[in-house]
Amino acid sequence: MARCPICQAETLQARMQVGDYEVHQCPVCQLRFSNPMQSPGAQWYAQSKLYSERRDRKMAAPRWAARQDWRYRSFFSLNLNPGGKLFEVGCGSGIFLGLATERGYQVSGIDHDPSAIETAHQLYGIANVQVSSVEEFLSTECPGYFDVICIFDVLEHLQDPLSIVKGLGGQLVDDGYLVCTVPSHQRWPQWFAPDVDIPPHHLTLWSELALKQCFINAGLEPLEVRPSPLMGETLLHQASLRWRALQRLDALGAALRGIGHFIVMPVAARFLSLAKKAGGFTLLGIARRQTNAG
Ligand SMILES: [Zn+2]
């Protein structure tokens with residue numbers, strides 16, 4: 001038996017066993033979660049090949065590619081508190097914060113990866129980012145400060161995502177927004193990198209209901225949960241996790257990624273969409289701290 005970390009419902013049976021972890025699905029909110037909810041720690045991430053491309057990056061990723069990222073396009077189309085103070089949890093090398101600066105936001109952020117923060121400083125010229133875990137950040141910051149907090153593709157790695165969302169909500173001004181992306185429990189395709197969505201890497205996979213419940217239990221007002229369409233960029237990302245040729249940092253790698261980005265994957269995504277296999281790979285959630293909230 002295990003208990004859903006979002007709505008506290010009990011599950012009687014594990015869906016599967018992965019090493020020392022059970023994977024459960026909540027019968028109420030459909031959250032898929034690990035038992036135990038135990039992060040593998042910094043050492044595991046430092047060794048994981050899933051993050052080697054990020055660690056080894058020596059040149060800046062092109063801005064045009066970042067601008068096409070569905071998460072970022074969706075965020076900027078919302079035009080939330082323009083010009084305000086925007087904070088990103090898990091900012092990596094600062095690609096999104098660079099785009100947000102262009103849009104007039106005053107940006108800052110944290111990431112647990114020192115090499116990513118160094119890249120943010122040196123390659124992207126983003127000064128106001130530092131190495132920190134989200135737990136450390138929440139223990140030191142002043143509440144009620146940020147107009148927008150973004151946390152893209154991080155909650156699924158956390159041992160207690162609800163308390164982190166609650167803590168981040170407390171960092172928002174009244175009518176401030178929390179925007180997150182999480183993997184869908186129905187995500188598809190998975191064949192390229194089946195080890196991505198299982199513990200200890202992803203401790204949770206989310207339904208629309210689970211994400212809304214998480215916002216509500218954290219004292220936030222859920223505004224929208226938006227599933228991503230199937231996109232060429234998703235297929236390319238999945239393919240690059242599996243095929244080393246797409247991870248090469250030289251001219252050949254760049255050429256292969258370019259062909260994949262502009263030709264192969266858009267055609268594949270279109271074909272798969274027509275075959276009605278697509279959609280809901282990632283969920284984008286938007287919540288607001290209500291005026292006079294606790
Ligand atoms: Zn639940």
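Analyst: Helices (H or I, at least four residues) and strands (E, at least two) are taken here as DSSP runs, numbered from the N terminus. The model is predicted, so local features need pLDDT of at least 70 and side-chain atom pairs count only at pLDDT 80 or more, while totals for chains, interfaces and linings use all residues. Residues are numbered from 1 along each chain as its sequence is written, and side-chain values use heavy atoms, with hydrogens and water left out.

The loop in question runs between β1 (2-3) and β2 (10-11), and Q8 has its place there. C4 belongs to the loop between β1 and β2 as well. Are these two residues buried or exposed? C4 is buried, since its relative accessible area is 0%; buried means under 20% relative accessible area, exposed over 50%, and partly exposed in between (1.4 Å probe, protein chains only). Q8 counts as partly exposed because its relative accessibility is 43%.

The surroundings of C4 can be named. Once its neighbours within four places in sequence are set aside, C4 is in contact (heavy atoms within 4.5 Å) with A9, C26, C29, L31 and F33. Y145, by comparison, lies 141 residues from C4 in sequence and 31 Å from C4 in space, C-alpha to C-alpha.

The backbone at Q8 also deserves attention. Most residues other than glycine have a negative phi, and most peptide bonds are trans. Q8, which is not a glycine, has a positive phi near 70°. D153 is another non-glycine residue with a positive phi, of about 55°; D153 is placed in the loop between β9 (146-152) and α8 (161-170). With a relative accessibility of 28%, D153 counts as partly exposed.

Two peptide bonds are cis. One leads from N35 to P36, with omega near 5°, and P36 sits in the loop between β5 (32-35) and α1 (42-47). The other leads from P199 to P200, also with omega near 5°, and P200 is located in the loop between β10 (172-183) and β11 (204-205).

A helix gives a further point of reference. In α5 (residues 95-102) the buried residues are F96, L97, G98, L99 and A100. Their cover includes α3 (63-68), α4 (70-78), β6 (85-89), β7 (106-111), β8 (129-131) and β9. Just after α5, G104 has a positive phi of about 100°.

Finally, the chain as a whole. Its secondary structure comprises 11 helices and 13 strands, and its C-alpha trace spans about 55 × 45 × 40 Å along the principal axes. Of the 294 residues, 49% are buried. Among contacts with a separation of 6 or more, 69% join residues 24 or more positions apart. The domain assignment gives domain 1 (42-228 + 279-288) and domain 2 (235-273), with bounds that come from an automatic or database domain assignment. The centres of domain 1 and domain 2, taken over C-alpha atoms, are separated by 23 Å.
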